[in-house]
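Please open the model in your viewer and keep the selection tool at hand. The stops below each say what to select and what is to be found there.

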Amino acid sequence: MPEQKVVDADWLLLEAPRERKFITGAQAMAEAVKRANVDIAIAYPITPQSEVMHLVGDIWAQGYLKDYYRAEEEYGAMSAIAGAVRGGARAFSATSGPGLLRGIEAIASWPGHRIPAVLGVLTRVVNAPLSIQPDNVEIAYLLHCGMVVLHAENQQDVFDFTLASFVISEKVDVYIPIAVCTEGFFVTHAKGYVNMTPEDMKLPPRDPYKAPVPPTDCEIPPARIQRDAPVQKSNFMSYLIHAVWQQEVWASNRRAMKYIYKYLGGPIEVVNPDAEVFIVASGCAAAQGREAVRYAQLEGLNVGLVKVKSIRPFPEREIREVLSKAKAVIVPEHNIVGWLAKEVKASIPDNDKVIGGPRVYGGMTLPVELIMEKVYEAFGIKKEKKVVV
Amino acid sequence: MKRYNIRIAGVGGQGVVTSAHILGNAMSAAGKYATLVPFFGSEKRMAPVEAYVRVSDQPIYEVGEVVYPNVIMIYHPQVITHGKSYTMPFYSGLKENGLVIINTDVDIIPEEDWAILKELNTRVYMFPATKLALDIAGTELATNMAMIGLFFGITRLVGFEHIEQAVRERFLGNTFVASGGTTALDSAIEKKFKKKMELLEKNMQVIKEAFRIAEERGWVEEEALTA
């Protein structure tokens, strides 16, 4: 491994020279970890995530990380991440679908314990019948944990979001974990071009004393609320402590927004802001949405795209502004429940213009042609269908 | 050019996936764009195999299997005659004004399917790729080379030199070092290298012949697709 030089975080994220590589999404995530001065990574294998933690294991073997091990299962892995971060380390793990749900009791307690960890979530079907394909319904389970949830469209996003997440999560006014989600296989196992910062530069190490509540001893929170849990006090103490603590977690979540602007160019990306009809999508569905905008252009239809990068904090104000004049809103998704459509509907006043779908589930591909059917519906165009399916 | 969304259907052992990679790499060598769909099924010899490639001179964002192709390449007649296909009929999802290239000696398309293909304004090119592979390379394993040779022969999306670069990368890799250490090792590597060079040469001859056939039969259409 090359000798890595510590450089300023802002400079690394915003100004450092970049080199273009053709790599998989799993490689992009590991390459971000390589440049993030991570102390420890804790793994538990599950398809399609295994590739990521395997590659992180490789870079540990090369000397980029101080420690790495395979935990007993996800509950153990995610609990150990909390322990490592509480101990002052910068920590990383990644999981998929059923693994995420197995670890979610521990994960859901990270924000309340003020654990600034970064978790890769490489989506996979979670429910029966068993499948390994990239359905993304698991993201819905993360939305109410208090953590920041980012959704990457492609390999470049995976690199950028992961590297920036280490910086954002450790900001004193944020100090909660971040999940970097992307679709399994479609992104993790497919190659794309990624502009990466130099391999011989890394973020400054974590400074555990730069925290909203420095972990000086067990007599003050957050350590104290674990040792000396409010549940052991009177009911009224328990209500109060939990309430103020969770208010602060969600306020921290909202405060992450300014850093999402600073490091990721904002929580949304808008293509064709003057469009009549908008596609609102996140993750891989945004890539399909981009193509639908191109198809629509070829047919002379004025369609735009809102790519949602940050699901938590959810960019309600930004989305409301962009969609204020839209005639219709199409929300394509890779899951059956339509969690993004629900978020969008909750953010705008005239939400009867939201067309939920198209939705594909079980991890199947989301053809652009399906999105186009909704586009035609929005414009009131009747198409004669010749294609045999 | 706009976008070519290609579905390749063949049977296990024909190098369907390998040639999809070569097709994509040839586009990349020509400074254009290509994406491949990663493969995560389980395949076996003579069982149906599909691969998907998207190529363009503009960036490609779309992911996933090509459900609505505008190019279909059939590497084995059994895809049609025995229904060895993930999707039936073999032209399922085919868009209007598309291309279909079939490896066959005789017309194997049933009459009712012909009617639909004509309705969709499809250009169908039937071509004995396996026969060409046997005649020129002496092995039917070069069938896939004949198929991508014909595809590029028709569309002229890349030059012959770009295909050669992609085939070379596939067979020799990018990092071949002839001198590795001891003399014995050198000679072993050279022997292996020589065999690879012969394979490469034969494959290129098959591709060249497919190019020639496309030209001879008047099949070249440089702006084949516009959507």
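Select R7(B) and Y52(B) together: in this predicted model, Y52(B), which belongs to β3(B), is the bridge partner of R7(B). Widening the selection to residues 3-11 and 48-56 of chain B brings in the whole of strands β1 and β3, which run antiparallel and are joined by nine bridges. In general, the strands of a sheet pair through backbone hydrogen bonds, in either a parallel or an antiparallel manner.

Next, extend the view to the rest of the sheet in chain B, which is open, has six strands in the order β2-β3-β1-β4-β5-β6, and shows mixed pairing. Strands β2 (33-36) and β6 of chain B stand at its edges with a single partner strand each, so that one side of each has no neighbour in the sheet. From one strand to the next the twist averages 15 degrees.

While chain B is on screen, select N121(B), which sits in the loop between α3 (111-119) and β6 (123-127). Although N121(B) is not a glycine, its phi is positive, at about 55 degrees. Is N121(B) buried or exposed? It is exposed, with 11 other C-beta atoms within 10 Å.

For a counterpart in chain A, go to F185(A), in the loop between β8 (178-183) and β9 (191-196). F185(A), also a residue other than glycine, has a positive phi near 55 degrees, but F185(A) is buried, with 27 other C-beta atoms within 10 Å. As background, most residues other than glycine have a negative phi, and most peptide bonds are trans.

Two peptide bonds of chain A deserve a stop of their own. The bond from A128(A) to P129(A) is cis, with omega near 0 degrees, and P129(A) is found in the loop between β6 (118-123) and α6 (138-142) of chain A. A cis peptide bond also joins R312(A) to P313(A), where omega is about -5 degrees; P313(A) has its place in the loop between β14 (310-312) and α11 (316-323) of chain A.

Then select residues 74-86 and 97-109 of chain A, helices α4 and α5, whose axes come within 7 Å and cross at roughly 35 degrees. The crossing of α4(A) and α5(A) is right-handed. To see where they meet, display side chains for E74(A), Y75(A), A77(A), M78(A), S79(A) and A82(A) in α4(A), and for G99(A), R102(A), G103(A), E105(A), A106(A) and I107(A) in α5(A).

Which residues have the most contacts inside the largest nonpolar core? They are A41(A) and F278(A), in a core of 118 residues. Helix α7 (residues 155-169) of chain A gives the most to this core, with eight residues, and at least three residues come from each of domain 1 (5-202) and domain 2 (268-379) of chain A. Centre the view on A41(A): leaving aside its neighbours within four places in sequence, A41(A) is in contact with V33(A), M53(A), V56(A), W60(A), L65(A), Y68(A), A91(A), F92(A) and S93(A). A second, separate core of 61 residues includes Y4(B), A20(B), Y75(B) and A142(B).

Key:
Residues are numbered from 1 along each chain as its sequence is written. Chains are lettered from A and ligands numbered from 1 in the order in which they are written. This is a predicted model: local features need pLDDT of at least 70, side-chain atom pairs count only at pLDDT 80 or more; totals for chains, interfaces and linings use all residues. Helices (H or I, at least four residues) and strands (E, at least two) are DSSP runs, numbered from the N terminus. A residue is buried if 20 or more other C-beta atoms lie within 10 Å of its own, exposed if 12 or fewer, and partly exposed in between; C-beta atoms are placed from the backbone. Two strands pair if DSSP finds at least two bridges between them. Axes are lines fitted to C-alpha atoms, for helices over the stretch in contact, and angles run from 0 to 180 degrees between N-to-C directions. A nonpolar core is a set of buried Ala, Val, Leu, Ile, Met, Phe, Trp, Tyr and Cys residues joined through C-beta atoms within 7 Å. Domain bounds come from an automatic or database domain assignment. Two residues are in contact if their C-beta atoms, placed from the backbone, lie within 7 Å. A crossing is left-handed if the near helix is turned anticlockwise from the far one by less than a right angle, and right-handed if clockwise.
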